[in-house]
Amino acid sequence: MRVRWTVGSHHPKLLREFLRKQGVSRKLLAKLKFEGEIWLNDDPVRVTVPINEGDQVIIEIPPELRNEQVVLSDKPLDILYEDEALLVVNKPCGVASVPSPEHREDTMVNRVAAYISNKAYPHQAVHVVTRLDRETSGVMLFAKNGFIHALMDQQLRKRTLDKLYVAVVEGQVTPDYGILTFPIGRSQESIIERIVDDSEAGKPAKTEYWVRELRKHLSVVDVKLWTGRTHQIRVHFAHIGHPLIGDDLYGGHLKLLQRHALHCRQLTLAHPLTGQPLHIVADLPDDLQTLIYENNQKY
């Protein structure tokens, strides 16, 4: 993969510092020296050369090999967006994001690994930027190589990458807008379950929500996470007395749905190479459409 920049008016003196400012790590700089290429105005150079305003800088990121421990799965992949840097997919419920001892052969990583293998892309490693719980559906972001992954991680840390979820919860949520800030920690009784924990062990958590529709026995809410604690949405809504429908781990009932009613509907980010805004949407899956609207009206 080639990445290009034009040197602006306020720039470091040396190419090395310029590349570091663009997000190129020391590890990647070393790799470029031995396996990749660096050009300044179409001439191959070392990173110690001086640069000037208007110079054209190009790096050729070396290929990445596939992790042979990752089993390839040719099961369907619903692609929402793809270019040379990013791959965005619509994850179905019931499929884990990444392999584990319990889910080794058919996760989203296995499916993406098969897809990029079949496409014979130069970068065969799978880079997960955002992941979802196994029973959560919706938008999931992958980077096409380690450099792009690092740039997207910067957006995650700066909270400039926004994910908007749709949750269907029990009861009628009031008020119709709110911010939940209960700290979250591990339950002493389970390695999976999380709890609201006001002790020093609890970690800060912030969840913003908007009620979009009220039904007799349920509420449809849009949710934005300002922190990324495990099970954060599920824990926070259970704590205020409105567990997600189908979320029996946190007190939700299974009568209407056999999985927790949570969907990552929307992803907004700045493209890592162009800076242009990207807005990607995954429609609600059929089971949530049916849960909310008996006539399957679109949300």
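A residue is called buried when its relative accessible area is under 20%, exposed when the value is over 50%, and partly exposed in between. In this predicted model, helix H5, which spans residues 232–239, is mostly covered, with six of its eight residues buried. The buried positions in H5 are Gln 232, Ile 233, Arg 234, Val 235, His 236 and Phe 237. Just after H5, Gly 241 adopts a positive phi of about 90°.

The protein as a whole has 299 residues, and buried residues account for 47% of them. Six helices and 16 strands are present. Taken along the principal axes, the C-alpha atoms fill a box of roughly 70 × 40 × 40 Å. UniProt lists residues 86–239 under "domain: Pseudouridine synthase RsuA/RluA-like", in an unreviewed entry. This span is 21% helix and 32% strand, and its end C-alpha atoms are 36 Å apart.

Charged side chains were examined next. Side chains of opposite charge can pair when their charged atoms come close. With a side-chain nitrogen of Lys or Arg required to lie within 4 Å of a carboxyl oxygen of Asp or Glu, the count comes to 13 salt bridges. One of them joins the side chains of Asp 106 and Arg 111, at 2.9 Å from N to O. Arg 111 has a relative accessibility of 9%, so this residue counts as buried. Asp 106 has a relative accessible area of 24% and is therefore partly exposed. Asp 106 and Arg 111 also belong to a network of salt bridges that includes Lys 75.

Two further salt bridges can be described in the same terms. Glu 135 pairs with Arg 134, and the closest N and O atoms are 3.2 Å apart. Arg 134 counts as partly exposed because its relative accessibility is 36%. Glu 213 pairs with Arg 215, with 2.9 Å between the closest N and O atoms. The relative accessible area of Arg 215 is 31%, so Arg 215 is partly exposed.

Two surface patches were also identified. In a patch of positive charge, Arg 159, Arg 186, Lys 203 and Arg 229 gather on the surface. Lys 203 lies in the loop between S12 and strand S13, the latter covering residues 207–214. With a relative accessibility of 48%, Lys 203 is classed as partly exposed. The other patch is nonpolar and consists of Ile 191, Ile 192 and Leu 249, which together have about 310 Å² of accessible area. Ile 191 is placed in the loop between strand S11 (184–186) and strand S12 (194–196). Its relative accessibility is 74%, and Ile 191 therefore counts as exposed.

Pro 50 counts as exposed because its relative accessibility is 55%. Pro 50 and Leu 15 are separated by 35 residues in sequence, while their C-alpha atoms are 5.9 Å apart in space.

Methods: Residues numbered from 1 in each chain as written. Predicted model: local features only at pLDDT ≥ 70, side-chain atom pairs only at ≥ 80, totals over all residues. Heavy atoms only, no water. Patch = residues over 30% accessible without salt bridge, like charges linked within 9 Å, V, L, I, M, F, W, Y side chains within 5 Å. Areas by Shrake-Rupley, 256 points an atom, 1.4 Å probe, with all protein chains shown as cover. Helix = DSSP H or I, 4+ residues; strand = E, 2+ residues; numbered from the N terminus. Buried < 20%, exposed > 50% of the residue type's maximum accessible area, 1.4 Å probe, protein only. Lys, Arg positive; Asp, Glu negative; His and termini not counted. Charge placed at Lys NZ, Arg CZ, Asp CG, Glu CD. UniProt positions renumbered as here; feature names shortened; annotations may be inferred.
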